[in-house]
Amino acid sequence: MIRRIIQINEEACNGCGACASACHEGAIGMVNGKARLLKDDYCDGLGDCLPACPTGAITFVEREAAPYDEAAVKARMTAKVSHEPGQAHNCQGDSLPCGCPGSQLAQWPVQIKLAPINAPYFHNARLLIAADCTAYAYANFHQDFIAGRITLVGCPKLDSVDYSEKLTEILRQNDIKDITVVRMVVPCCGGIEQAVKKALMASGKMIPWQVVTISTKGDILP
């Protein structure tokens, strides 16, 4: 059937996740750090997500789409609640019969201070540079940030090092497509963001990059 439904411009999306939080039907999810319409029949076409988007990446279109399925939405939201923090579920090891997604980690090691400067997995890679605490604070860290990226993590306060020199060499010696920096809102996390800025400038390369800030309650901040 032809009906009104949302359309998301991934190029304009900044990965803030505000639209996913605003959607009461769970129709929008974060995939590889970008908002995505998960299924047509989850979208009721009312557009609660539109005013939440700070970049104007979401619009309405009229197109062929499956009809809104209220029963499917209720079932999805019930399943989602059962897997929120504090809810018991039976997922162990690599076998996830409950449907929970597994690890998205693509390489090892992940600590910045242990990672090599040059490695095959860096070729044409989308790079995630994250503060250690972010993976603990943000529940869907693997699915929203690690998936599809090469991951480097560190804490400049605990390591008492300036990561910028090593990051500069990684950027110089490899073809990096883009960089996503994920940090906590706390001031000590500013060190990892500054290290990436310094490395980008010192590398002499124009690499697209973005910073995502996580609150101490585990939310993505605008």
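**Exercise 1. Asp44**

Task: State where Asp44 lies, whether Asp44 is buried or exposed or in between, and which residues Asp44 touches.

Solution.
Step 1. Asp44 sits in the loop between strand 3 (34-37) and strand 4 (58-64). Helices (H or I, at least four residues) and strands (E, at least two) are DSSP runs, numbered from the N terminus. The model is predicted: local features need pLDDT of at least 70, side-chain atom pairs count only at pLDDT 80 or more, and totals for chains, interfaces and linings use all residues. Residues are numbered from 1 along each chain as its sequence is written, and side-chain values use heavy atoms, with hydrogens and water left out.
Step 2. The relative accessible area of Asp44 is 22%, so Asp44 is partly exposed. The cut-offs are under 20% for buried and over 50% for exposed, with partly exposed in between (1.4 Å probe, protein chains only).
Step 3. Leaving out residues up to four places away in sequence, Asp44 touches Arg3, Glu25 and Tyr68; contact means heavy atoms within 4.5 Å.
Step 4. Asp44 and Glu70 are 26 residues apart along the chain, and their C-alpha atoms are separated by 8.4 Å.

**Exercise 2. Arg183**

Task: Find the strand that holds Arg183, and list the residues that Arg183 touches.

Solution.
Step 1. Arg183 belongs to strand 7 (residues 176-184).
Step 2. With a relative accessible area of 12%, Arg183 is buried.
Step 3. Not counting residues up to four places away in sequence, Arg183 touches Ala131, Thr134, Cys189, Gly190, Ile192, Glu193, Val211, Val212, Thr213 and Ile214.
Step 4. For Ala131, the separation from Arg183 is 52 residues in sequence and 5.2 Å in space, C-alpha to C-alpha.

**Exercise 3. Helix 6 and helix 7**

Task: Describe how helix 6 and helix 7 pack, and which residues meet.

Solution.
Step 1. Two packed helices are described by the angle between their axes and the distance between the axes.
Step 2. Helix 6 (residues 164-173) and helix 7 (residues 190-203) pack at about 45°, and their axes are 8 Å apart. Helix 6 is therefore oblique to helix 7. Angles under 35 degrees count as roughly parallel, over 145 as roughly antiparallel, 65 to 115 as roughly perpendicular and the rest as oblique. Axes are lines fitted to C-alpha atoms, for helices over the stretch in contact, and angles run from 0 to 180 degrees between N-to-C directions.
Step 3. Ser164, Leu167, Thr168, Leu171 and Arg172 of helix 6 meet Ala195, Val196, Lys198, Ala199, Leu200, Ala202 and Ser203 of helix 7.
Step 4. Ser164 is in helix 6 and counts as buried at 6% relative accessibility. Residues up to four places away in sequence aside, Ser164 touches Ala195, Lys198 and Ala199.

**Exercise 4. Cysteines**

Task: How many disulfides does the structure hold?

Solution.
Step 1. A disulfide is a pair of cysteine sulfur atoms within 2.5 Å.
Step 2. The structure holds zero disulfides. Cys19 is in none, and its nearest cysteine sulfur, that of Cys13, is 6.1 Å away. Cys43 is also in none; the nearest cysteine sulfur, that of Cys49, is 6.6 Å away.
Step 3. Cys19 is buried, with a relative accessible area of 6%. Cys43 is buried, with a relative accessible area of 6%.

**Exercise 5. The whole protein**

Task: Which helices and strands make up the secondary structure, by number?

Solution.
Step 1. The protein has seven helices and nine strands.
Step 2. Of its 222 residues, 43% count as buried.
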